[in-house]
Amino acid sequence: MRITRYAATLAVLGLALAGCSSEAGNQAAESSGSTAAVDTEVQFDAGTTMARLNEAGAITIGTKFDQPGFGLLNPRTQEPEGFDVEIGKLVAAKLGIDADKITWTETVSANREPFIQNGQVDIVVATYTINDTRKQVVDFAGPYYEAGQDIMVAKGNPENIAGPDDLAGKTVCSVEGSTPAQNIRDNYPQAQLTTYDVYSKCADDLRNGNVQAVTTDNVILTGLVAGSPDAFELVGKPFTKEPYGIGLKKGDDQFRSFINDVLEESFQDGAWAEAWDRTAGKITGTEAPEPPKVNRY
Amino acid sequence: MSFLADNFPLLRDAFLTTLALAVTSGICALVLGTLLTAMRVSPVAPLRAAATFYVEVFRNTPLTVVFFFLAFGIVEIDLQFPSRFISAVAALSLYTAAFVSEALRSGINSVPSGQAEAARALGLDFRQTLGTIVLPQAFRTVVPPLGNVWIALAKNTSIAAGFAVTDLTATLQRLANQNADQLLVVFMAIVVAYLIITLPSAWLIGVIERRTAILR
C-alpha cells in the first residue's frame, strides 16, 4: 500500500518536472529574434570545427549577461542581447546555424578560459580583451571592437578630472581583478584605488561621494552613465586600447581564420555597423566607429 | 612556483587582512553576543524583548544584505564608517553576535537552575550570579558550538571581498584574472591560506574543549 503511494508521488513529481521542461522549451522557441541571414549552402572541409558545428546545427556561445549594450540578459525572453550577442549570431549564421539553435552560456571574467578549455562553450564573445597571458591558454579571433579605459565622474565634474594623471590623490573605484584596476595600480599609483566585485557598487560609491571617480572600459561606463544621466558623466578620453576578441580553443587555427574572415566580411558589407547601431550604438547614441583591423597572428 | 614567490607580498597582505577581519570581528561578536545573552536571560522584560528582536533580525538576514546595508544603506541617513575595513568588521560582528548569543543561551539553559537558585540564596544579585556562577559554566559547555561559529566567521569574511576589502578572496579574483594560465596554482594558494586559519582553530577548539570539560 505504502509502496503504491510512493509510486504515485513519484509519478506526480515526474509529471510536474516534465511540465517544467516543456515550458522552458516553449520559451526558447518563442525568443528567436534572428537578425543575421543564415547561410544554408555552406561546405566545410571534413574534420574541421566548422564542419562539426555545421553538421550539429548548433553552437554554444559564452557571453556576459550583465553588460548593457554588449551582453545583457533580457529577463522576459531569458536570452542575452547586445553587440557581443549580434557578433556571435553573425558567426553562427556563417556556419549555417539558426539564431535559435545557439545556446547562450553566461561567462564571467573569471571563467572564460576554463569554459573554452574544457569545451563547455565553442566560442566566447564577452567583452574579452586580447592579451598575451590569455593567449597562453586560448586563441583569439578579431579584434571586432576596440574599447579603451576611461573615467566616469559625478555630473559637472566637480574635481576637474580630465585624464588619468588627475587621479593622483583622488579616490577611484574599479572592479577587483579587472585589467583597468591593475592599470591604475601599475601606472597611476598615486590614485587611491577602491575595488568592489561589480561596477554598480562603484556607481553607488560615486553617487554618495565615497569615491571621486570610477574607471574601466568606456563601453561599461557608457552603460552606467546612460542609466543615470543626471548623476554621472564620462570624461571621454580613453587612455588605453582594449581590443575585444572572440575566444576559442587554443590551436584551432582553421576555426580562427574562419571567424576572422567572417568578421572582415561583416566590416565590409555593413553587417557589423548595423549590429552596432542596433545594440551598443543605441546606448551611446553614437555612430558606429571605424572597425578595427583583424589581427591574424 | 616562481609565480607564488612573485606574488608573495600580495598573498601575505591578503592573508593578514582576512585574519585581522576574523579575529577583530570574533572578539567584537563574542563581547556583543555575551551582552545579548545576558539581556535575554535578564529579569527586565524590555531588555529580553530587545535582545530577542536583535537576534532574530540578524540571524535571519543574509550576511551580504547586512554588508550592503552598512556600506550603502546608512549613507541615506548621513552615516558613514571611516573605512571599508571597519564597515566589514561591523557587519561581521553584528551578524555573528546573533549566533554567539544563541550558542551561549543554549549553554545557560544547560546549567541546572539549582545553581542560580543557590547563588540567589547566598545573596548574589543578578549580575554576580550570571558573571560568577552561570556564565563560566555555560561557556564551558558551548565550546564546540562556539568553535563552529568561529570557523563560519572565518569563512564569512570572504564576503568583504565584494565590499572593497582586499582579503584572500579579492586577491583570488585579482590573481585569477591576471594569470589565466595559473588558475589552479592561484586556487590552491588561496585555499591553503584559508586552511591555515581554520585548521589550527579546529585543533585549538578541541584542546580547549578537553581542558574545560566539566566532569559530571
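Predicted model: local features only at pLDDT ≥ 70, side-chain atom pairs only at ≥ 80, totals over all residues.
In chain A, the domain assignment gives two domains. Domain 1 comprises residues 49-147 together with 244-284, and domain 2 comprises residues 149-234. A distance of 27 Å separates the C-alpha centres of domain 1 and domain 2 of chain A. The contact between these domains draws 11 residues from domain 1 of chain A and 10 residues from domain 2 of chain A. On the side of domain 1 of chain A that touches domain 2, the largest share, 3 residues, is supplied by helix α11 (residues 280-284) of chain A. That side of domain 1 of chain A consists, by class, of 5 nonpolar and 6 polar residues, with no charged residues.

One open sheet of chain A is built from 3 strands in the order β2-β3-β4, with antiparallel pairing. Its edges are formed by β2 (66-67) and β4 (79-81) of chain A; each has a single partner strand, so one side of each lacks a neighbour in the sheet. Strand β3 (residues 71-74) of chain A is joined to β2(A) by 2 bridges, and the two strands run antiparallel. Within this sheet, A:Gln67 stands opposite A:Gly71 of β3(A).

Another open sheet of chain A contains 5 strands, ordered β10-β9-β11-β8-β12, and its pairing is mixed. The edge positions are taken by β10 (192-196) and β12 (232-234) of chain A, each of which pairs on one side only. On average, and with direction ignored, neighbouring strands of this sheet are turned by 30° against each other. Strand β8 (residues 149-154) of chain A runs antiparallel to β12(A), to which 3 bridges join it. The bridge partner of A:Val153 in β12(A) is A:Glu233.

Helix α6 (residues 179-187) of chain A lies across β8, β9 (171-175), β10 and β11 (213-217) of chain A and runs at about 145° to β9(A). Helix α7 (residues 199-207) of chain A also packs on the sheet, where it touches β8, β9, β10, β11 and β12 of chain A. The direction of α7 of chain A makes about 160° with that of β9(A).

Chain B has 10 helices and 0 strands, and its pattern along the sequence is accordingly written α-α-α-α-α-α-α-α-α-α. The C-alpha trace of chain B spans about 70 × 45 × 25 Å along its principal axes. Within chain B, helix α3 (residues 45-59) packs with helix α5 (residues 84-110) at an angle of about 120°, and their axes are 8 Å apart. The helices α3(B) and α5(B) are therefore oblique to each other, and their crossing is left-handed. From α3(B), the contact involves B:Tyr54, B:Val55, B:Phe58 and B:Arg59. From α5(B), B:Leu94, B:Tyr95, B:Ala98, B:Phe99, B:Ser101 and B:Glu102 take part. By class, this contact of α3(B) with α5(B) has 7 nonpolar residues, 1 polar residue and 2 charged residues.

The contact between the chains takes 18 residues from chain A and 17 residues from chain B. On the side of chain B that touches chain A, helix α9 (residues 168-178) of chain B provides the largest share, 6 residues. This side of chain B has 9 nonpolar, 6 polar and 2 charged residues by class.

Definitions and conventions: Residues numbered from 1 in each chain as written. Chains lettered and ligands numbered in written order. Contact = placed C-beta atoms within 7 Å. Helix = DSSP H or I, 4+ residues; strand = E, 2+ residues; numbered from the N terminus. Nonpolar A, V, L, I, M, F, W, Y, C, P; charged D, E, K, R; others polar. Axes fitted to C-alpha atoms, helices over the stretch in contact; angles between N-to-C directions. Parallel < 35°, antiparallel > 145°, perpendicular 65-115°, else oblique. Left-handed = near helix turned anticlockwise from the far one by under 90°. Domains from an automatic or database assignment. Pairing = 2+ DSSP bridges.
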